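These are my notes on a structure I had not looked at before. I put down what I looked up, entry by entry.

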Amino acid sequence: HPQAGDRRQATRRSVVQPEKRAALSPRTMAEALTIARPYAEAAFKLAAETKKVKEWSGALSRLATVMKADVATELLDNPNIDRAQAAAIVSEAAGKLDKHQKNFVQVLADNGRLAQLPDIAALFEQSRDRHENVLEATIESAFELTDAQKAAIVDTLKKRFGKGIKATTTVNPELIGGVSIQIGDEVIDASVRGKLSQLAASLTK
């Protein structure tokens with residue numbers, strides 16, 4: 001059995017400051033996702049089998065938020081906190097969790113993988129989208145869209161792809177006007193900038 005000091009060391013290794021996560025290289029991010037994937041798959045399998053996908057989605061989202069918080073990072077970086085205590089702190093901070101979700105957090109703590117919770121939550125959502133036949137769409141617009149405009153775009157995408165759409169919106173003034181939509185590997189560019197680029201390309205042929 002590992003000594004208390006070893007357990008504390010493992011706990012500290014599992015903590016990554018949020019600002020450091022943001023600065024990770026693409027290769028490092030890919031490696032992080034590779035580490036997180038089996039945990040996300042195990043969580044989704046259990047959630048699907050127990051018909052609690054929605055509940056697990058909410059729990060993992062809260063847990064991910066906890067692990068992104070500076071205060072949680074500071075607590076887990078405390079050399080006097082061992083794995084069991086780390087799991088208890090994270091679970092408590094995330095709000096109501098069922099016994100399976102608490103056990104999952106404990107497994108992550110035991111393996112020094114609490115820092116992977118944000119990646120695990122994101123991968124879980126991808127599995128949920130596939131399970132529920134939903135596509136993720138990122139809608140970029142030159143100006144902030146109204147709820148009605150966003151609903152109209154989502155409705156159009158549903159009809160085009162024949163699937164549910166989970167949309168996120170961002171504002172990019174460089175588009176000048178219109179929207180640019182990324183859905184899966186496909187990009188639908190209906191922005192003024194996109195049209196100008198197409199025109200410029202046609203003039204140079």
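Is Ile176 buried, partly exposed or exposed? I find Ile176 partly exposed, with a relative accessible area of 48%; buried means under 20%, exposed over 50% and partly exposed in between, with a 1.4 Å probe and protein chains only.

Entry on the source. I note that this is a predicted model, in which local features need pLDDT of at least 70 and side-chain atom pairs count only at pLDDT 80 or more, while totals for chains, interfaces and linings use all residues. Residues are numbered from 1 along each chain as its sequence is written, and side-chain values use heavy atoms, with hydrogens and water left out.

Entry on positive phi. I looked up Ile176 again: its phi is positive, about 75 degrees, although Ile176 is not a glycine. Ile176 sits in the loop between β2 (164-171) and β3 (178-183); strands (E, at least two residues) and helices (H or I, at least four) are DSSP runs, numbered from the N terminus. Asn133, also not a glycine, has a positive phi of about 60 degrees. I place Asn133 in the loop between α8 and β1 (134-141), and Asn133 is partly exposed at 40% relative accessibility.

Entry on aromatic pairs. I searched the whole structure and got 2 aromatic pairs. Rings of Phe, Tyr and Trp (its six-membered ring) pair if their centres lie within 6.5 Å; planes under 30 degrees apart are stacked, over 60 edge-to-face and the rest tilted. Phe44 and Phe124 have ring centres 5.3 Å apart and planes at 65 degrees, so I log them as edge-to-face. Phe44 is in helix α3 (residues 26-49) and Phe124 in helix α8 (residues 117-131), 80 residues apart. Phe44 is buried at 11% relative accessible area, and Phe124 is buried at 0%.

For Trp56 and Phe104 I have ring centres 5.7 Å apart and planes at 80 degrees, so this pair is edge-to-face. Trp56 lies in helix α4 (residues 53-68) and Phe104 in helix α7 (residues 99-110), so the pair ties together parts 48 residues apart in sequence. Both Trp56 and Phe104 are buried.

Entry on a helix contact. Which residues of α6 meet α7? I list Arg83, Ala84, Ala87, Val90 and Ser91 in α6, which meet Lys102, Val105, Gln106, Ala109 and Asp110 in α7; contact means heavy atoms within 4.5 Å.
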